[in-house]
Amino acid sequence: MALSNNVIGAINFVAMLLSIPIIGAGIWLATEPDNSCVKILQWPVIILGILFLVVGIAGFVGAFWRIPWLLISYLIAMLVLIVLLAALVVFIYMVTIKGSGHLEPSRSYLEYHLDDFSGWLRRRVRSPWKWDRIRSCLSSTNMCGELNQSYRMAQDFFNAHISPLESGCCKPPTQCGYTFVNPTYWISPINNAADMDCLQWSNDQTQLCFNCDSCKAGLLANLKKEWRRTDIILLITLVALISVY
């Protein structure tokens with residue numbers, strides 16, 4: 001019987017340890033500038049990881065000290081949390097299944113269009129009051145200023161593999177036909193009415209293309225990449241938790 005309790009306790013200890021990747025994934029998201037500005041996924045992931053940790057500790061204590069009601073509570077709570085984690089894994093996959101970059105002539109970086117992404121993600125940035133908060137947060141970072149330090153020549157910049165967020169927010173869309181001076185300063189063409197984003201572009205270093213749909217699309221593309229990485233971690237942890245359970 002003691003051996004049985006020790007085995008159950010060890011299994012519960014493993015389940016408790018499996019909360020660490022979940023919490024770690026949430027913390028990693030929170031440290032990424034784009035996710036810290038949007039604040040959508042990191043806290044649900046962190047809270048779910050903490051709940052797994054608490055339930056795992058309860059199960060370990062229940063097995064070690066032979067407390068039947070605590071073990072039963074552990075089994076029920078763990079089942080609920082596993083279902084929630086599975087739902088989160090599926091949800092992240094579904095909302096990130098759409099959206100990819102578009103190649104432009106003579107450019108190594110990609111351009112992004114807002115309509116390519118899922119409706120749920122688009123609604124996170126469509127609302128003016130939501131975007132005002134996100135835009136202020138993004139513009140306070142130094143991501144665009146760092147491009148000026150890294151790329152002095154036009155061809156070097158055109159050959160660069162910059163991030164979706166930098167592509168969407170720090171420069172005008174390629175189709176607008178602006179002339180490169182530096183990564184965040186461009187000369188306007190005579191006719192820049194190809195797209196509304198062409199009119200939104202500003203050489204004011206506090207504005208740039210932060211009001212453009214391309215910036216919103218670039219943000220969503222960044223989120224998609226980071227959320228997909230998180231989803232892989234959560235999926236692996238989910239499989240391990242189901243095996244332990």
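**Labels and the values behind them**

Tutor: Start with S106, which is exposed, because its relative accessible area is 60% and exposed means over 50%. Keep in mind that this is a predicted model.

Student: Where does S106 lie, and what is its phi near?

Tutor: S106 sits in the loop between α5 and α6. Its phi is near 65°, a positive value in a residue other than glycine.

Student: What makes K39 exposed?

Tutor: Its relative accessible area is 56%. The cut-off for exposed is over 50%, so K39 at 56% is exposed.

Student: Now the other label. Why is D197 called buried?

Tutor: D197 has a relative accessibility of 7%. Buried means under 20%, so D197 counts as buried. D197 lies in helix α11 (residues 196-200).

Student: Which residues is D197 in contact with, leaving aside its neighbours within four places in sequence?

Tutor: P173, C209, C212, D213 and S214. Contact asks for heavy atoms within 4.5 Å.

Student: And why does I162 count as buried?

Tutor: Its relative accessibility is 11%, and the limit is under 20%, so I162 counts as buried. I162 is placed in the loop between α9 and α10. With neighbours within four places set aside, I162 touches Y109, L147, Y151, F157 and S167.

Student: How do you know that the buried residues of α8 line one face of the helix?

Tutor: First, name them. In α8 (residues 143-150), the buried residues are M143, C144, L147 and N148. Seen down the axis of α8, they fall within an arc of 160°, so they line one face. These residues pack against α7 (128-139), α9 (154-158), α10 (164-169) and β1 (179-182).

Student: What about α6: which of its residues are buried?

Tutor: L121, R124 and V125 are buried in α6 (residues 119-126). Down the axis of α6, the buried residues fall within an arc of 85°, so they too line one face of their helix. Their cover includes α5 (68-95), α7 and α12 (213-244).

Student: What makes K171 and E111 a salt bridge?

Tutor: Their side chains meet at 2.7 Å, N to O. The rule asks for a side-chain nitrogen of Lys or Arg within 4 Å of a carboxyl oxygen of Asp or Glu, so the K171 and E111 pair, at 2.7 Å, qualifies. K171 is in the loop between α10 and β1, and E111 in the loop between α5 and α6, so the pair ties together parts that are 60 residues apart in sequence.

Student: Are K171 and E111 buried or exposed?

Tutor: K171 is buried, because its relative accessible area is 1%. E111 is buried too, with 5%. The cut-off is under 20%.

Student: How many salt bridges are there by this rule?

Tutor: Four. One of them joins D213 and K216, with the closest N and O atoms 3.9 Å apart. The limit is within 4 Å, so 3.9 Å passes. D213 and K216 both lie in helix α12, three residues apart, about one turn of the helix.

Student: What makes I76 exposed?

Tutor: Its relative accessibility is 54%. Exposed means over 50%, so I76 counts as exposed. I76 is found in helix α5. With I72, V80 and L84, I76 makes a nonpolar surface patch of about 380 Å².

Student: Last one. How far apart do the C-alpha centres of domain 1 and domain 2 lie?

Tutor: They lie 36 Å apart. The domain assignment gives domain 1 as 1-99 + 224-244 and domain 2 as 101-222. Across the two, 12 residues of domain 1 are in contact with 16 residues of domain 2.

Methods:
Residues are numbered from 1 along each chain as its sequence is written. This is a predicted model: local features need pLDDT of at least 70, side-chain atom pairs count only at pLDDT 80 or more; totals for chains, interfaces and linings use all residues. Side-chain values use heavy atoms; hydrogens and water are left out. Helices (H or I, at least four residues) and strands (E, at least two) are DSSP runs, numbered from the N terminus. Buried means under 20% relative accessible area, exposed over 50%, partly exposed in between (1.4 Å probe, protein chains only). The arc is that of the directions from the helix axis to the C-beta atoms. Patches are made of residues with over 30% relative accessible area and no salt bridge: like charges are joined within 9 Å, nonpolar side chains (Val, Leu, Ile, Met, Phe, Trp, Tyr) within 5 Å. Accessible areas come from the Shrake-Rupley method with a 1.4 Å probe; for residues, only the protein chains shown count as cover. Domain bounds come from an automatic or database domain assignment.
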